[in-house]
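Please look through the sequence and the model shown here, and then follow the description below.

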Amino acid sequence: MITVTVQPTGVTPAEVAAVARGDARVELAPATVEAMATSRAIVDRIEESGRPVYGVTTGFGALANTFVAPSRRAELQHALIRSHAAGVGAPMPREVVRAMMLLRVRSLALGHSGVRPVLAQGLVDLLNHDITPWVPEHGSLGASGDLAPLAHCALVLLGEGWVVGKDGERLAAAESLHTAGLTPLDLAAKEGLALINGTDGMLGMLLLALDDCRHLFAIADVTAALAIEAMLGSERPFRPELHAIRPHPGQAASAANILALLQNSAIMDSHRDDLAHAVQDAYSMRCAPQVAGAARDTLSFASEVAARELVSVVDNPVVLPDGRVESTGNFHGEPLAFAADFLAIAAAEVGSIAERRVDRLLDVTRSRELPPFLSPDAGVNSGLMIAQYTAAGIVAENRRLAVPASADSLPTSGMQEDHVSMGWAATKKLRTVLDNLTSLLAVELLSAVRGLQLRAPLTPSPAGRLAIAALAPFAGAPGPDIFLAPVLEQTRAVVAGRELRAGIEAEIGALL
């Protein structure tokens, strides 16, 4: 089993995915334990001095000027966790919660939070014992970090709150800790605040979305190429010299992918040298690299933002090596909110242009002699007509989801926290957009495969042959209408999985 060792420098995106999705074990490096112990010693000295420091000797938020007596500071931290665990709604997916907990460990490991190492170890123990806190979907505004979601995680460390059982049921945390042989923690000064003040939830969702995006954008080039091939489109618009004169890197990469995917195809050979054929293809075909490429460049931007956040100290207050404890605004999620909103817009457009190619494939007046709705016996049979309806409905939903969450703000905490990022909402809806994009690419893949099958006896490209082989076991060949819902579900699995892409890359080389 893979083990992720959390260093004082943090973790990598690949390590986050390994823990969230691959159940990798987690351990703290000795240097991490030392860094946390050093910062904790500074907090202990402040407590002894009695001077007012936010979150250590005072209350929180609008109560920042309220002094808390030494005898009640531990009580303050426990009360903070209980009161802030105020989320409602369905539980967040397991992978999101695991990513969030690892990233909170990462934040504590940087040695600026002033907590004991036992706190980080407690979260590590939850991960390694596969205990997933029940984190409701609503509660975070992405301003003072993901307060409510992180509080639901922290509450489990105290032996309180809920966890998600193996069958999805809600269980008492105390029971799960006991079964795993774990002991609830007692918090010291500053530690409750350090457990919940940060961008870990939205960063976790953004990192998982970036991993999905990289794959889906590559698959979008595949489905675009197969649709263009099935519609007897031209490969000329994808030649490298045409993209060198507009040097957007994502555009060049997408064009190179599509051009490579269209080679060694008898279908393309049948009209490649016919200058009268397709002087100009429709925008949804000819401009595929311009749209997908712009999305790739947006992905690069969002990846840079996430990479910076992964090495950032986002707690408040922060403990500096010189002994100062300073209040910051680093927990504000605006950078992540902007990146997620921008990427949601880009992903929505990748799905939108895919639906336009599906519509062309199904329209007998524009598909270049393919039968109506890709049915050999249209009339009695409707073929993929309603699959395009489904795609159109998903495109419409993605357009609604592309409205930026980060443009919204509601003041909270008695106007102390008077501007919020809505970063949790931005990253959460980004994941929905990507799930929808998976469905849209599935409809395009099925439609393109049907179109390629109907071009027989001409043989398709290597990518086309592999796609037909991947779908044939459950989609069969063009013929009488079949129950489409399970076919689309299984095609979604092909799109989301990595096997088809791996097979194509083995044939034509790595996709960019």
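By class, how many nonpolar, polar and charged residues does the lining of the largest pocket have? Its lining has 16 nonpolar, 16 polar and 1 charged residues, where Ala, Val, Leu, Ile, Met, Phe, Trp, Tyr, Cys and Pro count as nonpolar, Asp, Glu, Lys and Arg as charged, and the others, Gly among them, as polar. This is a predicted model, in which local features need pLDDT of at least 70 and side-chain atom pairs count only at pLDDT 80 or more, while totals for chains, interfaces and linings use all residues. Residues are numbered from 1 along each chain as its sequence is written, and side-chain values use heavy atoms, with hydrogens and water left out.

The largest pocket has a volume of about 640 Å³; a pocket is, on a 1 Å grid over the protein atoms alone, an open set of points where a 1.4 Å probe fits, with protein on both sides within 12 Å along at least five of seven lines, and lining residues have an atom within 4 Å of a point. A volume is the space filled by probe spheres set on the points, which are joined across faces, edges and corners. Among the 33 lining residues, H84, S144, L147, S413 and E417 lie nearest the centre of the largest pocket. Helix α3 gives the most to this lining, with 5 residues; helices are DSSP runs (H or I, at least four residues), numbered from the N terminus.

The second largest pocket, with a volume of about 270 Å³, has a lining of 3 nonpolar, 2 polar and 7 charged residues, including R21, D211, D212 and R431. Two or more of its lining residues come from each of α9 (200–230), α17 (423–453) and α19 (484–496).
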